[in-house]
Amino acid sequence: MIEILLNFGLPILIMLIAFFVGSRIEKRHFEDIQNREEALHGFPAVSFEKLPADWKVGSVDLVSGSVVISLDYFKRIIAGLRGLIGGRIKTYEPLLERARREALLRMTESAKSQGFDAVVNVRLETSRLANSARNGKGTAGIEILAFGTALSLS
Amino acid sequence: MSVGSSQSVILSNTESIPGRQIVEFYGVVTGNTVRAKHVGRDIMAGLKNIVGGELKGYTELLQDSRKEATDRMIEQAHSMGANAVVNVRFATSSISQGAAELFAYGTAVRIA
Amino acid sequence: MKFIPRKPREGINVSDVHPLAEAGALVAGLSIIFTVVAVALFYAVELALLSISVETEVQLFENWAPDDLLSVSADDERKTQAQEILRRLVAHWGDAPYQFRLEIVESDVPNAMAYPGGLIVVTTELLDGVASENELAFVLGHELGHFRNRDHLRMLGRVAVIGLVFVAATGTDGGAALGVRIADIAQRSFSRGQESAADEFGLQVVNAEYGHVDHSWNFFDRLNDGDLRSSKFIAYLSTHPSAADRSDRLKVLAHDQGWPLSGPTIQLNWINISSPADP
């Protein structure tokens with residue numbers, strides 16, 4: 001009986017904790033992202049490199065922002081179950097969304113704090129961090145990297 | 001985070017440096033580093049994995065590693081007499097369990 | 001070209017589904033699929049097992065015994081007597097296809113079980129509980145009835161599928177252990193129809209052997225009257241038809257078949273050695 005309890009009770013307990021704490025973390029993160037985006041509103045960050053004719057470029061440097069993020073245990077289980085059936089893995093969407101926005105924010109904030117006025121040619125890259133669990137098939141986290149060329153306008 | 005600017009080499013992921021003229025170009029420069037996860041960080045990340053959210057240990061680890069790769073690329077460019085690297089790209093690949101290669105490359109140029 | 005800062009609408013990249021709703025839908029959906037597969041497997045295995053001929057079954061299970069029989073008690077004296085009673089009963093089956101074996105297993109639950117290949121297992125508690133040869137003969141005849149209707153094969157399938165389903169559902173040894181325990185209970189609980197059919201055959205061979213069916217259901221009557229006060233017997237009752245129902249039904253059956261309802265009691269030798277209601 002104890003073995004059964006450990007096998008079922010413990011994961012369910014962890015799932016519940018993961019669900020409540022994970023949901024809270026996610027909610028707070030989205031609020032934080034929105035506030036910071038609000039603060040950066042008006043700072044140009046674009047994915048092309050052509051500049052408006054009236055921009056006179058001063059200094060130039062590469063800037064980047066990155067984040068490694070992971071899904072909570074509850075959502076990971078849900079994603080795993082969804083994987084059995086197929087279809088849209090909805091629980092992963094908020095994770096990737098907030099990670100991309102976080103990475104972009106970090107890049108833009110870094111550019112702004114260094115005195116730049118815009119970031120052009122922004123690129124986003126996603127990579128999976130393999131976990132040693134399950135023969136390296138497990139995912140320890142997902143890294144999103146945002147980088148671009150920061151410009152100061154004179 | 002600033003990836004470049006530590007030395008007198010300007011980095012850009014655009015094809016040219018905005019507002020400047022490329023006068024000479026020398027070829028592709030690369031920088032890489034292969035890093036394994038830190039045991040201590042791994043344990044913390046494992047715990048953080050339960051509730052989800054950012055794994056700060058890993059974020060920093062990858063940032064440091066990418067900085068190292070970039071520095072090596074800059075060193076190559078510097079050794080070629082370049083003062084800028086344009087069209088910089090980054091790549092990450094999992095090599096084995098818990099180890100990742102971080103790779104940076106671009107074209108070394110001299111700008112005026 | 002002019003830069004005008006604008007922001008996209010919030011939430012476009014995120015499905016508006018609560019994770020708990022998603023979890024509920026997934027668990028429900030997967031449970032339904034799992035149940036359907038399990039039930040289908042259940043019937044498929046039963047069908048497959050019943051299609052095995054008796055000859056093949058005997059060949060396959062000739063020397064087979066379930067693992068828990070490794071602790072078979074060396075109850076030689078009672079075993080020899082019970083085997084002798086069984087042998088005489090089997091003689092009334094006509095050409096019985098099984099080479100019946102009888103084993104006694106140490107247990108504090110009164111029970112008798114039919115296993116594939118013609119193995120009948122009787123627990124020590126049941127041997128302590130029966131007061132006469134007539135009572136024991138009916139228990140053995142009842143088990144023979146299960147063999148004739150091949151209920152033991154259905155059970156084997158049930159045990160196998162329940163075990164498999166539990167392992168699949170939980171993916172753990174703990175789950176497997178739970179499955180085995182549940183399968184063990186299921187194994188002891190044939191359906192009511194199967195029990196009645198086995199009773200009928202049991203009574204028939206008892207009548208053929210002794211010329212009457214008296215005392216056959218005394219064991220169940222005592223269980224019902226609470227003479228066997230030990231609560232352990234409740235376990236037996238819980239997996240078999242109600243004792244009162246059962247003896248009533250048996251009386252009606254014997255009456256309809258014209259089997260004599262009264263006759264002499266044959267004592268068992270070992271009754272003198274150990275008292276039946278000894279707690």
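Residues are numbered from 1 along each chain as its sequence is written, and chains are lettered from A in the order in which they are written. Because the model is predicted, local features need pLDDT of at least 70 and side-chain atom pairs count only at pLDDT 80 or more, while totals for chains, interfaces and linings use all residues; side-chain values use heavy atoms, with hydrogens and water left out.

**Stop 1: colour by confidence**

Start with pLDDT, the predictor's confidence in each residue, from 0 to 100. Chain A averages 88, and 93% of its residues score at least 70. Chain C averages 77, with 76% of residues at 70 or above. In chain C, select helix H5 (residues 133-148), where confidence is highest at a mean of 90, and then H10 (residues 232-238), where it is lowest at 50. (Helices, H or I of at least four residues, and strands, E of at least two, are DSSP runs numbered from the N terminus.) Residues 272-279 of chain C fall below 50. Where pLDDT is low, the predicted coordinates should not be read in detail. For the whole model, the scores are ipTM 0.82 and pTM 0.68.

**Stop 2**

Now show the strands in the order E2(A)-E3(A)-E1(A)-E3(B): they form an open, antiparallel sheet of four strands. Two strands pair if DSSP finds at least two bridges between them. The edges are E2 (118-130) of chain A and E3 (53-54) of chain B, each pairing on one side only. Zoom in on E1 (residues 57-70) and E3 (residues 139-153) of chain A, which are joined by eleven bridges. Here A:Val68 sits opposite A:Glu143.

**Stop 3: where chain C meets chain A**

Select the residues in contact (heavy atoms within 4.5 Å): 24 from chain C and 31 from chain A. The buried area, meaning the accessible area (1.4 Å probe) lost on being put together and summed over both parts, is about 2500 Å², with carbon and sulfur atoms giving 70%. On the chain C side, C:Met1, C:Phe3 and C:Lys7 lose the most, together 23% of what that side buries.

Next, display C:Glu10 and A:Arg101, whose side chains form a salt bridge at 2.8 Å, N to O.

How values were computed:
Buried area is the accessible area (1.4 Å probe) that two parts lose on being put together, summed over both. A salt bridge is a side-chain nitrogen of Lys or Arg within 4 Å of a carboxyl oxygen of Asp or Glu.
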